[in-house]
Amino acid sequence: MVQPPTQNAVEAVGLSRSFGATRAVDGLDLVVPAGGVYGLLGPNGAGKTTTIRLLATLLRPDAGSARVLGSDVVSEAAAVRREIALTGQFASVDGDLTGAENLVLQCRLLGHTRRSARARAERLLVAFGLDDAANRLVATYSGGMQRRLDVAASVVRTPRLLFLDEPTTGLDPRSRHQVWDLVHELVGHGTTVLLTTQYLDEADQLADRIGVVARGRVVATGTPDALKRSIGGDVLEMRLSSPADAVRASAALAELTDGTPSLSETVAEDGTALLSVPLSVPVRRILDVVDDAGVAPVGFDVRRPTLDEVFLALTAEEVAA
Amino acid sequence: MTTAMDISPVSVLEDPLDESPPTSATAAVRAFAWRSLLKLRHTPEQAADAILIPVLFTVLFTYLFGGALAGSPRSYVQYLLPGTLVMAILLMTVYGGLALNTDVSRGVLDRFRSLPVWQSAHVVGTLAGDVGRYLVAAVLVVLLGLLIGWRPDGGMAGVLAGVGLAVVFAYALSWVWAVIGLLARSPQAVSMLSFLIQFPLTFASNAFVDPDTMPGWLQVWVEANPVSLLVTAERTLFAGTADLGDVAWVLVASAALVAVFAPLTFHLYRRRSA
């Protein structure tokens, strides 16, 4: 029987790996569709790096299984390695060699002849803006330069799936944007990128889809927008002329919204008050109720929760559960 | 300041080797051996202490003790030089283990291990590249010897055969260091252990003096010490009176070291890195 071509870059089911008593990855389910950028978002110690190492065949799972581009990461590890490239959390380049030598080594290991390896390394160095530093030891490179060299080494042969483990940790904003540009270009070329990050803005900027990781599991998945909507959806923010108005309005609204906790009042410095109401009921009804309570708002704003709010809500749920 | 990415990286993405067959094991080993030699070139000072000791010993022993031990420095150096040559090469064997110890604690190992190449090529290539170090040490000691009066009767052929045999044994011994390098917690621990193991091996041998004058218990060790066997074989090769039995014994000992320690290294490498 012929298997249908796989549509997913990664399919993991119940993936688990412990180190001693620590369950770093604990029954993780993950589906990464082919194409685009998938962001694994989570705090330090959530299990992101272990997940990447399991998927990149660097670690064997204790339980569960994973297929990368259709091949099993344990029984078909060699096939997986032919399709992937990895840029690790700590520079996966050799500080004792020059930038050029690092790339030539990578080329030779991927089957280039001596001459074509040198030519390929040279092109990559130029393309990544490292040609001036080509013959310097990598140990003398800045963090941003090491990262660029690292990514260059990962595209010696264009991988179908690129793992980037915290690609911008410790980089200055300029180098960070350079890495982001690079990721966009790779994706435009058809490579699927699976990246981990602890930065919400990075996930928001780069990822088409996000998996939120906490305690070794994926606790939520979706597009950044869908995730933001998932916790109560959009929010109506009303500016009221005094805190007293806010108290009256929120008392009137409590019945309408079943006393949702997201109904929040804050008092601004100028004496006005902000009332946030989740848009689980139509805006019109909210305004009617407020009007009936004899309160006239001085301003409105409809906004989406920030990814920060989503993240805190999701990881708080996980801790509570 | 370089304007980074003047040329779009995408322009270099069009040259994929997707259709090329996987790299052969030998090509991968060669690539890693090349890496090992590059490190020797970039940081020659790393090997300086290992080469300084035998050079100092050659000069000091020849002139300090030569007269007392063998009548004259010139006649003692005929006896001593095969010993210091072996010492020089064997002290270099620890570098493979040191290099592996450093690599497994660094991110670069993740890159190597995620490549579609034979997983042990990294170990085999690293140790193979160190043959370059052994040859550098050998050439330095041989030249120094010739300078201070060593005259091997075996001629050029004898010297080449002698250096070749010592390098074969050193390569075999380097697998022991590979195991230690993979077990030790830090490069410092590897260096410390190397000091503790190398010195009894090289000193409690027939490298410097004839064991006839040693107490009986020490003679037992010195006779059994593989370094003594190697030094004896070297002396006969340099003298042009090679005893094939001695040479064969060294080759058998080398094969035995590799047969035991290479599989152990591969096993530890897979475990340490996973």
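Predicted model: local features only at pLDDT ≥ 70, side-chain atom pairs only at ≥ 80, totals over all residues.

Me: How many helices and how many strands does chain B have?
Reply: Read along the sequence, chain B follows the pattern α-α-α-α-α-α-α-α-α-α-α-α-α. Its C-alpha trace spans about 75 × 40 × 35 Å along the principal axes. The count for chain B is 13 helices and zero strands.

Me: In chain B, what share of the contacts with a separation of 6 or more comes from residues 24 or more positions apart?
Reply: A contact here means heavy atoms within 4.5 Å. Among the contacts of chain B with a separation of 6 or more, residues 24 or more positions apart account for 78%.

Me: Which helix gives the largest share of the nonpolar patch on chain B?
Reply: The patch lies on the surface and is formed by B:Leu52, B:Leu56, B:Leu60, B:Leu64, B:Phe65 and B:Leu69. Together these residues have about 560 Å² of accessible area. Four residues of the patch, the largest share, come from helix 2 (residues 48-64) of chain B.

Me: Is B:Leu56 buried, partly exposed or exposed?
Reply: B:Leu56 sits in helix 2 of chain B. Buried means under 20% relative accessible area and exposed means over 50%. The relative accessible area of B:Leu56 is 46%, so this residue is partly exposed.

Me: In chain A, what is the strand order of the open sheet of four strands?
Reply: The pairing in this sheet is antiparallel. Its edge strands, each pairing on one side only, are strand 2 (22-33) and strand 5 (71-72) of chain A. Strand 1 (residues 8-19) joins strand 2 through nine bridges. The order of the sheet in chain A is 2-1-4-5.

Me: Which residue in strand 2 of chain A is the bridge partner of A:Ser18?
Reply: Strands 1 and 2 of chain A run antiparallel. In strand 2, the bridge partner of A:Ser18 is A:Arg23.

Me: How many of the six residues of strand 11 (residues 235-240) of chain A are buried?
Reply: Strand 11 of chain A pairs in the antiparallel sense with strand 13 (residues 273-278) over six bridges, and A:Arg239 stands opposite A:Leu274 there. Five bridges join strand 11 to strand 14 (residues 299-303), also antiparallel, where A:Glu237 stands opposite A:Asp301. Strand 11 is mostly covered, and the number of buried residues is five.

Me: What separates the C-alpha atoms of A:Ser242 and A:Leu274?
Reply: A:Ser242 is in the loop between strand 11 and helix 9 of chain A, and is partly exposed because its relative accessible area is 23%. Not counting residues up to four places away in sequence, A:Ser242 touches A:Gly271 and A:Ala273. A:Leu274 is 32 residues away along the chain, and the C-alpha separation is 9.1 Å.

Me: What distance does helix 9 (residues 243-256) of chain A reach from its first C-alpha to its last?
Reply: Among the 14 residues of helix 9, A:Asp245, A:Ala246, A:Ala249, A:Ser250, A:Leu253 and A:Leu256 are buried. At 1.5 Å a residue the expected value is 20 Å, and helix 9 comes close to that, reaching 20 Å.

Definitions and conventions
Residues numbered from 1 in each chain as written. Chains lettered and ligands numbered in written order. Heavy atoms only, no water. Helix = DSSP H or I, 4+ residues; strand = E, 2+ residues; numbered from the N terminus. Expected span 1.5 Å × (residues − 1). Buried < 20%, exposed > 50% of the residue type's maximum accessible area, 1.4 Å probe, protein only. Pairing = 2+ DSSP bridges. Patch = residues over 30% accessible without salt bridge, like charges linked within 9 Å, V, L, I, M, F, W, Y side chains within 5 Å. Areas by Shrake-Rupley, 256 points an atom, 1.4 Å probe, with all protein chains shown as cover. Salt bridge = Lys/Arg side-chain N within 4 Å of Asp/Glu carboxyl O.
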